[in-house]
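This report looks at charged pairs, a surface patch and a pocket. Please keep the sequence and the structure side by side while reading.

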Amino acid sequence: MTHANNNSESIDIKPRRMAFDTETPMKKYTFNNNSLVSTFFYALSALFPDGERFFIHSVRNFKDDITDEKMKADIKGFIGQEAHHGISHEALNKAIGDMGFPMQAITDRLHKRVAFLKTLSRERQLALTVAMEHFTASLAEFLLKNPEAMDTVDPTVRKMMLWHAVEEIEHKAVAFDVYRAFVNKEFMRKRIMVVAVGGLFCRLAYYQFLLLKSDRHFPSWREWKEATQFFWGKKGILRDNVKGLREFFHTGFHPSDIDQNYLINDWEKRHPDVAELQVG
């Protein structure tokens, strides 16, 4: 059994409004001109606005049960951050759509998916949020540990991803703490993670197919080779993500058992070009 530590207690969950430039045209396949890597992140970005709103909704389902003042403050910060994430990714998704990709069609599909998810019990909705928050925190860890992975990416996309990564780690334990306080079913938590991750990758793969099909683009051998290395190589993002997912299945796990604070301490000094975009 693992035991929660206190890594998250000193974290200030601070919503930041950012002034990202999504008007300047970017390269169609912004990740090193690789269509497979680029459309993976485009598909992920398409998920964020509706996904973030669902996460907020699933936590708000428990608002009448919460009396702890620290938890209330953490939830307020969580909602503020997730709301800004949704707004920023909507602007990015529009920019991607303006290049000819069917982002609106994907968003329309997601509206229906989220409407279905809201018919589940509030406990299952929250468990799904807990699973996806852990997944995104693991992705965030990789990006902040390996910022050079985005050296070839459009500057706006790079800055948005780094900012998003910082805030995902800041609020990674909020939904989990609500779940532990009011649901605390270990089997449900683990089972829904399996279902959620399987469904997520099926959905991302299908959205990538739609994006590539709309552009009539078939990835080259070079793109397949580079993408395989990027995702599953020695320092691959998904290979790294699997490590964090394994931790999730330990009975008694808490997000703060994984110390990621060193990645967000003084992040503004390490990424001043991102920090300077804060407008509030």
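## Terms and basis

A salt bridge is here a side-chain nitrogen of Lys or Arg within 4 Å of a carboxyl oxygen of Asp or Glu. The model is predicted, so local features need pLDDT of at least 70 and side-chain atom pairs count only at pLDDT 80 or more, while totals for chains, interfaces and linings use all residues. Residues are numbered from 1 along each chain as its sequence is written, and side-chain values use heavy atoms, with hydrogens and water left out.

## A network of charged side chains

The structure holds 18 salt bridges. One of them joins the side chains of Lys243 and Asp240, at 3.9 Å from N to O; these two residues are three apart in helix α9 and therefore separated by about one helical turn. Helices are DSSP runs (H or I, at least four residues), numbered from the N terminus. Asp240 is buried, with a relative accessible area of 13%, whereas Lys243 is partly exposed at 46%; buried means under 20% relative accessible area, exposed over 50%, and partly exposed in between (1.4 Å probe, protein chains only). Salt bridges that share partners join Glu141, Lys145, Asp240 and Lys243 into one network.

Within helix α4, Lys145 and Glu141 lie four residues apart, about one turn of the helix, and their side chains meet in a salt bridge of 3.4 Å, N to O. Glu141 is buried at 16%, and Lys145 is partly exposed at 33%. Leaving aside neighbours within four places in sequence, Asp240 is in contact (heavy atoms within 4.5 Å) with Phe142 and Lys145.

## An exposed pair

Another salt bridge, also given as 3.4 Å from N to O, brings together the side chains of Asp64 and Lys63. Asp64 is exposed, with a relative accessible area of 69%, and Lys63 likewise counts as exposed, at 54%.

## The largest pocket

The largest pocket holds about 610 Å³ of space. Its lining comprises 27 residues, of which Arg113, Leu117, Leu128, Met132 and Ala196 are the closest to its centre. A pocket is an open set of points on a 1 Å grid over the protein atoms alone, where a 1.4 Å probe fits, with protein on both sides within 12 Å along at least five of seven lines; lining residues have an atom within 4 Å of a point. The volume is the space filled by probe spheres set on the points, which are joined across faces, edges and corners.

Helices α1 (35-60), α3 (103-117), α4 (122-145) and α7 (186-214) each supply at least two lining residues, and the largest share, eight residues, comes from α1.
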